[in-house]
Amino acid sequence: MSALPSLLAALKGGDRRALARAITLVESTRPDHREEAERLVEAILPFAGGSVRIGVSGPPGAGKSTFIEAFGRAGLERGRRIAVLALDPGSKRGGGAILGDKTRMAFLASAPEAFIRPSSAGVIEGGVGRRTREAILLCEAAGFDAVLVETVGAGQSETAVSEMADMLIVILSPAGGDELQGLKRGILEVADMILINKADGELAPLARRAEAEYRSALRLLRPPCPEWQVPVRAVSALEGTGIAAIWEDVERFRAVAEASNGWAERRALQARRALWSEIEESLLERLRAAPQLARRLRLEEAEVTAGKRSPWAAARTLISLFLGENPASK
Ligand SMILES: Nc1nc2c(ncn2[C@@H]2O[C@H](COP(=O)(O)OP(=O)(O)OP(=O)(O)O)[C@@H](O)[C@H]2O)c(=O)[nH]1
Ligand SMILES: [Mg+2]
């Protein structure tokens, strides 16, 4: 009765509707879906891995979607098949942001060689979906050779996206001179490439100045990949200036990272980290939902809150109970 074999065949054939269905299945939290999704992901693993995974992060409104539209278009012209996973926490506001992205990426949305998937707010945590990693694998199995993941850089999300991307492109707008301070430092540390967008019209001189500023700021930071000098470029996503050339940077980055084995190492490290975060999240989920623990969980929590019991001891008791051990015998 399972529809899995036909879904798998359609997916491998590059069918975009099958890909959309597969991602929905993988994002589903229903236990029966989960089991099927896991089997699907296992089955496509041998066909995945063949793309360049590009994270596109940056502050709200910097022009990430506009960049992806222009960059994706340039990629299609180079014969690439482009998949876009847009993880917009703004979509919490309703369907607005998703519709916005569809219009901002109008060309890609209608191109037969492209696939766009805006993820709903429900599956997004910290700007990155819990199942984005699997969604990337599905895109690869469907034959997409560049997967672009858009996420708002709001603290942790750029690190989360750098956990699944081969290359992280950070998009900044020229206006915020004080962007350099505080907040954005984290983003600069994980960036493999920095683009100062909106280098057009009145903003062009500002963009050039920001370009020089970021370049010198970067000299004080250790690059994420030692062999790679992080490029800083002023571009205009709206007018397309400097956008097509970014594909050369991507290819150069790949060549450098592959030569030093950094490419494979990064992916291996990411897979290992994904395993551990999966273990952590699943264990916690099961512990929180364990019926035999429910009453005791509330009790211990109340005692800890009231300062009558240490969190340390309470956690140990709860974990022992969860594992079916006798908490008294420690
Ligand atoms: N002048 C100029 N405006 C741009 C450029 N790129 C984007 N914009 C404008 O900036 C605004 C935000 O662009 P988006 O592409 O939606 O930015 P975003 O970073 O995806 O925004 P969020 O996803 O909401 O965080 C829009 O009004 C764009 O038209 C550019 O290169 N030059
Ligand atoms: Mg956007």
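Strands β7 (residues 167–172) and β8 (residues 193–196) run parallel and are joined by four bridges. Strands (E, at least two residues) and helices (H or I, at least four residues) are DSSP runs, numbered from the N terminus, and two strands pair if DSSP finds at least two bridges between them. Within this pair, Leu 172 stands opposite Ile 196 in β8. The model is a predicted one, in which local features need pLDDT of at least 70 and side-chain atom pairs count only at pLDDT 80 or more, while totals for chains, interfaces and linings use all residues. Residues are numbered from 1 along each chain as its sequence is written, and chains are lettered from A and ligands numbered from 1 in the order in which they are written.

An open sheet of seven strands, paired in parallel, has the order β3-β2-β6-β1-β7-β8-β9. At its edges stand β3 (114–118) and β9 (232–234); each has a single partner strand, so one side of each is left without a neighbour in the sheet. From one strand to the next, the twist averages 20 degrees. Axes here are lines fitted to C-alpha atoms, for helices over the stretch in contact, and angles run from 0 to 180 degrees between N-to-C directions.

Helix α10 (residues 204–218) packs on the sheet and touches β7, β8 and β9, contact requiring C-beta atoms, placed from the backbone, within 7 Å. The direction of α10 makes about 175 degrees with that of β9.

Helix α4 (residues 64–77) gives the most to the shell around ligand 1, with three residues.

Terms used. Two residues are in contact if their C-beta atoms, placed from the backbone, lie within 7 Å.
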